[in-house]
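Please look over the structure below with its aromatic side chains in mind.

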Amino acid sequence: GAPVTIPLSAMPGELDGNELLPNTQNYIILRGNTRNADLNLKVLSSGDAEINTYRIANGDLDMQAGTTLIIGAGVNLKFDNNIGLWARGAIDVQGTADDRVVMTSVYDDTAGTHTASGDLRNGMWEGPHIAATSTSANLAYMDLRYSGSDAAALYAEADMMMNNLRITHTGNAAAGIRVRYSNNAQLTLTDSEIYGGHGNGIYCQNTNTVTVTNSRIYANSGNGLDFRNACQGTITNSEIFGNQGWGVYAGGSQVIVAEDNWWGAADGPSGEGPGSGDAVSTNVDYETLVGDGWLSDGTSFSHFNAGGSNHRAYGMSIANVSGLESTEWGTAANQSFRYETEADIPLVASFAGLNPSTAYRLLVTYRNQDTGGSTQNITDANGETIQQPVNLGSNAAVQNIRVPKSSYSEGGLTLD
């Protein structure tokens with residue numbers, strides 16, 4: 001049978017006495033439109049039946065000014081392509097360490113109930129917009145995946161308190177968080193991660209303020225943090241590493257305070273800094289009055305750019321990668337690539353210096369600009385599958401893969 005389909009404006013409240021369970025398809029389709037009443041989206045249960053997934057289709061989930069949107073622990077919101085969430089009133093995301101809230105693409109089968117079939121890529125849906133009229137915005141223990149089909153995975157135009165967020169797979173040139181308009185907004189981010197995006201981690205402009213503590217911003221194709229105009233920023237006790245652009249870029253009128261951070265190298269940041277880690281620009285205060293002003297140890301990583309020479313590593317070796325180099329799609333670092341041929345030139349990446357007791361994650365970006373379909377899979381040296389075959393589209397897609405410890409039990413890892 002078909003799942004329950006309800007217009008957003010008609011979604012019943014807790015006191016309306018409606019029963020939505022049991023249901024042969026354990027998810028609800030919310031047809032996007034505007035809503036002028038409060039809404040509490042939570043995990044629904046009745047006996048052994050449970051609904052924890054809501055699919056947003058046919059239009060934005062648009063909560064009007066004066067309303068409150070509550071998203072309960074364990075809820076999965078899955079958005080159709082190019083659709084977003086507007087919070088023009090208050091929003092309260094109540095995830096917990098054990099039951100995170102997930103906002104993701106309709107095609108993401110790793111969250112909640114299967115709702116649709118399709119190929120995943122970065123930036124498939126718009127993401128949440130916290131409007132300037134928002135009176136309160138608290139986001140806790142939330143995963144934000146595959147958003148940023150516009151220019152940001154998450155738009156912030158009002159004061160926001162965010163903790164334990166994970167923002168990944170943002171769209172082409174889209175920031176993980178974009179703080180915009182001259183609203184003197186105060187954005188606070190703690191204990192969070194922004195990684196694997198196709199733009200900046202955080203982009204702040206105008207007369208707003210960003211404070212980041214105990215967080216990790218890494219492996220983004222743009223700048224880690226980018227401050228423009230009169231935006232102010234303070235970043236402390238955080239890790240900023242493996243970003244393709246600047247670690248912290250201050251392109252406006254303010255001095256950005258970025259002390260006591262890990263930059264991906266023991267000798268500190270590069271650029272205007274003295275070291276070899278992620279770069280800092282002018283007007284970035286990375287030093288303290290006593291000591292070096294940065295953390296001398298942090299997350300181990302190895303970054304290899306198949307289309308360039310900007311290879312970096314800490315705590316393990318730089319990858320040794322074979323394969324035939326090609327500039328068929330262009331000469332820029334994000335266009336050139338390596339590939340496997342049928343003439344005994346394999347595409348293999350080897351790493352050394354891994355700790356067998358440590359967990360590792362593989363972030364790999366595939367690109368295919370040829371006509372017709374293509375697939376990619378990954379195996380280890382033992383022939384064990386690390387990643388099942390995935391279809392490659394014309395848009396670059398970041399794959400986030402947990403590497404089994406059996407693949408590097410002796411401290412080395414070979415991927416084929």
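## Aromatic pairs

Across the whole structure of this predicted model, a search finds 9 aromatic pairs, a pair being rings of Phe, Tyr and Trp (its six-membered ring) with centres within 6.5 Å, counted as stacked with planes under 30 degrees apart, edge-to-face over 60 and tilted for the rest. Trp-329 and Phe-337 are stacked, because their ring centres lie 4.0 Å apart and their planes stand at 25°. Trp-329 counts as buried at 14% relative accessibility, and Phe-337 likewise at 15%, where buried means under 20% relative accessible area, exposed over 50% and partly exposed in between (1.4 Å probe, protein chains only).

The pair of Tyr-360 and Tyr-408 is edge-to-face, since the centres are 5.1 Å apart and the planes are at 85°. Tyr-360 belongs to strand β38 (residues 360-366) and Tyr-408 to the loop between β41 (397-403) and β42, so this pair ties together parts 48 residues apart in sequence; strands are DSSP runs (E, at least two residues), numbered from the N terminus.

## An open sheet

An open antiparallel sheet is formed by 3 strands in the order β34-β37-β42, with β34 (320-321) and β42 (412-415) as the edge strands, each pairing on one side only; pairing requires at least two DSSP bridges between two strands. Strand β37 (residues 349-352) pairs with β42 over 4 bridges, and Ala-349 has Leu-415 as its bridge partner in β42.

## Basis of the values

Residues are numbered from 1 along each chain as its sequence is written. Local features need pLDDT of at least 70 and side-chain atom pairs count only at pLDDT 80 or more, while totals for chains, interfaces and linings use all residues, and side-chain values use heavy atoms, leaving out hydrogens and water.
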